[in-house]
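Here's a quick briefing to read alongside the model. Have the viewer open, and we'll go from one side chain out to the whole chain.

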Amino acid sequence: AAARLAAEQEVENLSGLSPNPEKDIFVVRENRTTCLMAEFAAKFIVPYDVWASNYVDLLTEQADIPLARGAEMKGRCGSNESELEISWLEQAYTLKLFFLKEGHNTSRGPEAFWRLSRIQFTYDTAERTHFKDAVSPGKHTASSHRLSALVTPVGKSYECQAQQTISLISSDHQKTVQLLLSEVRIQPFDITADFVFSEEHKCPVDQREQLEETLPLILGLILGLVIVITLCVYHIHHKLTASQAQIPRDRSQYKHMG
C-alpha cells in the first residue's frame, strides 16, 4: 500500500517559474491531481553559541538562513490534515509545515477553516555555510508552540505579501529561532483546478495596506463629487436669482417694457 501511494504521489519544485530568486513554489499531486500548493519566501534567524576570544566565555552569534532554491520536498495530503516537508543543503536544514482543517460554530452558524497548526525546523550547526565555529556543533530542532496561523476559510487560498514573523523554540538551550515569511500564497486543501490556486483570502496586514492605498483615492473622489455638486447648485441658484431679478414686481413698470 505504501509503495502504491508513493507511486501515485508526485512532488514538484517549480521555483524556476518565479522571477523572485528568494521565492519557492512547491506542488504536491496525488492521483494525478494537485492537492497542495505553496509559494513563499522564507528566512530563518538562528542564534548559536561561539567561544569568546578568551575561550572561557560564550557569545551568541546569529545565522541568517534563507530557504534555498531547488530544495528537495515531500508532501502528504489528507482530508483534514496535510504536510509539506522541504530540505536543502544535503538535508542540513529541513522545514516541516503541518496544516489542519476544522470547523467552528459562530454566530452565523458552523464555518470551516484551515490553518497552519505546527512548524518544525531542523538545522545543523556543523554546516559551515551559515554557522561559523559553533560550540558543540550538531543537529537541533526548533518547533512552534500552540500555533494557529494563516487561518483561512475552506476552499480558499491564503495570500500575504507582507512579512510575517513566527517564533520557534529550539532544542538548543531553548533559544528562539525566528521564521520570516513573505510573499506567501498557500493552499493545502480543496484545490479545484490543477496547478491553480483558488480565490485568495488576504491577510489582515495586506487588507489594511490595500485600504490605506485606496482610501485617499476614495476620499479624493468624494471631495471632487462634492465640489461638482456645489458648483452645479451654485450655477442653478445663480440662474434662478438672475431670472427673478428681471421680472418687474410693480405693474406700473410694464409700460416701460418693450
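Which side chain does the side chain of Arg29 join in a polar contact of 2.6 Å? The partner is Asp194, side chain to side chain. Keep in mind that this is a predicted model.

**Around Arg29**
- Arg29 sits in strand 2, which covers residues 23-30.

**Positive phi angles**
- As background, most residues other than glycine have a negative phi.
- Asp133 isn't a glycine, yet its phi is positive, at about 55°.
- You'll find Asp133 in the loop that links strand 8 (109-124) and strand 9 (139-143).
- Asp190 is another non-glycine residue with a positive phi, near 55°.
- Look for Asp190 in the loop between strand 13 (176-187) and strand 14 (200-202).
- With a relative accessible area of 37%, Asp190 is partly exposed, because that label runs between the 20% and 50% cut-offs.

**The whole protein**
- The protein has 14 strands and two helices.
- Of its 258 residues, 40% are buried.
- Take the contacts with a separation of 6 or more: 54% of them are between residues 24 or more positions apart.

Definitions and conventions:
Residues are numbered from 1 along each chain as its sequence is written. This is a predicted model: local features need pLDDT of at least 70, side-chain atom pairs count only at pLDDT 80 or more; totals for chains, interfaces and linings use all residues. Side-chain values use heavy atoms; hydrogens and water are left out. Helices (H or I, at least four residues) and strands (E, at least two) are DSSP runs, numbered from the N terminus. A polar contact is a pair of N or O atoms within 3.5 Å; within protein, one must be able to donate a hydrogen and the other to accept it, and residues adjacent in sequence count only if both atoms are side-chain atoms. Buried means under 20% relative accessible area, exposed over 50%, partly exposed in between (1.4 Å probe, protein chains only). Contact means heavy atoms within 4.5 Å.
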